[in-house]
Structure formats: C-alpha cells, structure tokens
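Hi everyone, thanks for making time for this one.

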Amino acid sequence: TNVHHLPLAIVEAVKNDPYPHGQTGDISATSLIAPPQLVALRRQHEADLEEDAADRIWSLLGQSIHTILERAEPSAITERRLFATCCGWRISGQADRIVPLDLEYATIHIEDYKTTSVWSVIDGVKPEWADQLHVLQWLAAENGYDVRGLSIVALLRDWSRNKAKDGGNYPQAPVVTLTVKPRPLDALNTWIKDLVFGHQLARASLEAKMDPPTCTPEQRWERPAVFAVRTPGRKSAVKLYEDRDLAQAHADDLKGGYVEHRPGEPTRCLYYCPVAGFCPQRQAELAANLDLAA
C-alpha cells in the first residue's frame with residue numbers, strides 16, 4: 001500500500017526488493033532467530049498480508065550499504081550467501097562482508113552492516129544482532145571457514161555532532177563498530193539445532209491445524225508494568241517504579257503527589273508484528289482484556 005502517497009519512484013524501489021525470495025532454502029538466518037510462531041504464521045498467511053511503503057523506508061536506505069561496500073577493497077568478499085543443513089532443513093544467510101585474515105581465506109572476520117538509530121547502540125550490541133552474527137558464524141564454519149571475529153558496523157542515521165560534544169556514552173562519530181565474541185562450536189551447534197527444532201514444531205503445528213508454540217515475553221519485547229509518580233502540572237513522571245509501595249511512598253512525600261499505573265505491553269505485538277491479526281496468542285489476549293473491561 002501507499003497510504004502516505006510517497007513518490008512513485010520510492011514505492012517502486014520498495015516493491016522491487018532484490019532479496020532472493022525462494023532461494024534461501026527452508027529458512028534464512030533472519031527468520032531462524034525470529035519467533036517461530038511469527039515465522040510460521042507469516043508463511044501460512046503470506047497472501048493475506050499487506051505492508052505500507054512508508055514502513056520499508058529504513059530498510060530501503062539500508063540496502064544502499066551494499067553499493068557502498070562494492071567500492072571497498074577487493075580483497076574482502078561482499079554479500080556472500082552461505083548454505084548449510086541442520087536437522088533436515090537447508091539454512092541460508094548472507095554475510096555483508098567477509099574479511100580474510102590469511103592469504104588462503106581459511107580464517108575470516110565477518111562484518112554485518114546496519115543503518116540504525118543512535119539509541120540502538122548506546123547500550124551495546126542488540127541481542128538479535130548478536131544472534132544473527134552467530135548464525136552466520138555457524139554457516140561459515142559449516143562451509144570450512146575458521147571464524148576469528150564478528151562485528152556490527154552501525155551507520156547512525158540520527159547522529160548529532162552537538163550531542164556528541166556533550167560526551168558520555170554518546171557515539172563520537174556517525175559510524176560505530178561493535179564487537180561480538182564468536183561462540184564455541186559445540187555450543188553453537190546445539191543452539192542452531194534448538195532453533196531449527198522450534199521452527200519445525202511451529203510449522204508442523206499449523207499444518208496439523210493446531211496452535212503453534214507461543215512467543216516468550218522476550219520475543220514479544222514485553223515492557224513490564226510500572227507505577228509512575230506524578231504531580232499536578234508536570235507533563236512527565238517524577239520517577240518510575242516497578243513496586244507500587246515504593247511509588248506510593250515517594251508520592252506521599254510530594255505536594256499533590258499521586259501514583260499512576262502504567263500496564264505492561266508487548267511492544268512487538270502492538271507495533272511490529274505483521275501477523276498479530278492472525279496470531280492465536282495475541283487474539284486470546286485481546287479477548288481476555290475485553291472480558292476484563294466488561
């Protein structure tokens with residue numbers, strides 16, 4: 001869709017995504033680290049899903065990184081798609097850049113490039129970024145490479161020179177490299193098998209017309225419920241607490257202070273899940289909330 005009436009050139013660029021759909025085996029690295037329920041439902045309802053062009057803008061700009069990498073020194077390998085088999089499934093993943101550490105290309109360093117926000121790197125590597133690199137590490141090892149290093153190269157689209165002058169942990173340049181430690185191969189193999197089994201179970205459940213395994217709070221990006229200490233006339237909370245009693249004690253010390261309960265919410269389900277409308281877990285939760293409201 002094009003709800004916001006973006007220029008036709010942008011919409012066409014979004015539609016003509018070069019991602020090799022249908023050439024990624026049974027599951028890709030990005031899908032492998034995603035919630036099995038989400039991936040299985042997306043596969044089942046693919047013909048029913050719609051997406052607005054405006055929601056793909058940052059992904060579109062991120063693809064420009066591939067053109068930039070083509071200008072880099074020719075000794076590195078860019079956009080190499082690797083394949084390997086686990087538990088009967090063919091898994092694929094594309095490494096943005098493979099840097100050889102010897103003349104034979106036996107030992108390598110894998111770089112993954114992200115176009116993202118400053119606030120995504122303030123606290124270090126996001127867990128899903130590390131997971132993606134570890135899947136690439138496993139794929140590389142299965143293809144005979146000895147992976148000695150992994151890193152995220154983050155291009156910060158909202159970086160501010162003025163904020164950088166304030167110091168602290170704010171990035172000092174619009175490009176930040178974050179290091180990820182490679183995992184031991186034994187632990188890596190076990191982890192990959194567990195991921196594959198989870199997706200196989202979810203897919204088999206739907207094929208048997210059963211509900212797939214539910215998403216965990218971590219997979220739902222669930223924010224815990226908090227108690228906000230408020231005062232009249234102030235727009236923002238004085239302080240947030242997870243314990244109601246602590247919040248109330250603080251509010252009692254303030255003139256006109258009071259406590260506002262802010263329920264927890266599954267951020268991914270609310271704003272980022274493409275199959276929330278088809279998800280039995282989410283729909284059951286919404287029905288339960290309606291019953292409570294009634």
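Predicted model: local features only at pLDDT ≥ 70, side-chain atom pairs only at ≥ 80, totals over all residues.

Residues are numbered from 1 along each chain as its sequence is written, and side-chain values use heavy atoms, with hydrogens and water left out.

First, the overall view. The chain has 11 helices and 11 strands; these are DSSP runs numbered from the N terminus, H or I of at least four residues for helices and E of at least two for strands. Its C-alpha trace spans about 70 × 55 × 50 Å along the principal axes. Of the 294 residues, 38% are buried. Buried here means under 20% relative accessible area, exposed means over 50%, and partly exposed is in between, with a 1.4 Å probe and protein chains only. Among contacts with a separation of 6 or more, 67% join residues 24 or more positions apart, where a contact means heavy atoms within 4.5 Å. The chain exposes about 17,500 Å², and 52% of that comes from carbon and sulfur atoms. Those areas come from the Shrake-Rupley method with a 1.4 Å probe, and for residues only the protein chains shown count as cover.

Now please find helix 8, residues 185-207. It has 23 residues and reaches 33 Å from first C-alpha to last, close to the 33 Å expected at 1.5 Å a residue. That expected span is 1.5 Å times one less than the number of residues. Which residues of helix 8 are buried? They are L188, W191, I192, L195, V196, G198, H199, A202, R203, S205 and L206. The cover over them includes strand 1 (27-28), helix 2 (29-32), helix 3 (36-44), strand 2 (77-86), strand 3 (89-100) and helix 6 (127-142). Just past the end of helix 8, K209 has a positive phi of about 60°.

Buried residues in helix 6 include W129, W138, H134 and Q137.

On to the cysteines. How many disulfides does a search of the whole structure find? The count is 0, using a cut-off of cysteine sulfur atoms within 2.5 Å. C279 is in no disulfide either, and its nearest cysteine sulfur, that of C215, is 5.9 Å away. Both are tucked in by our cut-off: C269 counts as buried at 14% relative accessibility, and C279 counts as buried at 8%.

Next, charges. There are 13 salt bridges, each being a side-chain nitrogen of Lys or Arg within 4 Å of a carboxyl oxygen of Asp or Glu. One of them joins D146 and R148, with the closest N and O atoms 2.7 Å apart. D146 is partly exposed at 33% relative accessibility, while R148 is exposed at 56%. Another pairs R262 with E260 at 3.0 Å, N to O; R262 is partly exposed at 29%, and so is E260, at 27%.

Then there is E285 with R282, at 2.4 Å, N to O. Both sit in helix 11 (residues 280-293), 3 residues apart, about one turn of the helix. An α-helix has 3.6 residues a turn, so residues three or four places apart point the same way. E285 is partly exposed at 24%, whereas R282 is buried at 11%. Salt bridges with shared partners link R220, E222, R282 and E285 into one network.

Last stop, the surface. W221, L270, Y271 and Y272 make a nonpolar patch of about 460 Å². Patch residues have over 30% relative accessible area and no salt bridge; nonpolar side chains (Val, Leu, Ile, Met, Phe, Trp, Tyr) are joined within 5 Å, and like charges within 9 Å. Y272 lies in helix 10 (residues 267-272) and counts as exposed, at 56% relative accessibility.
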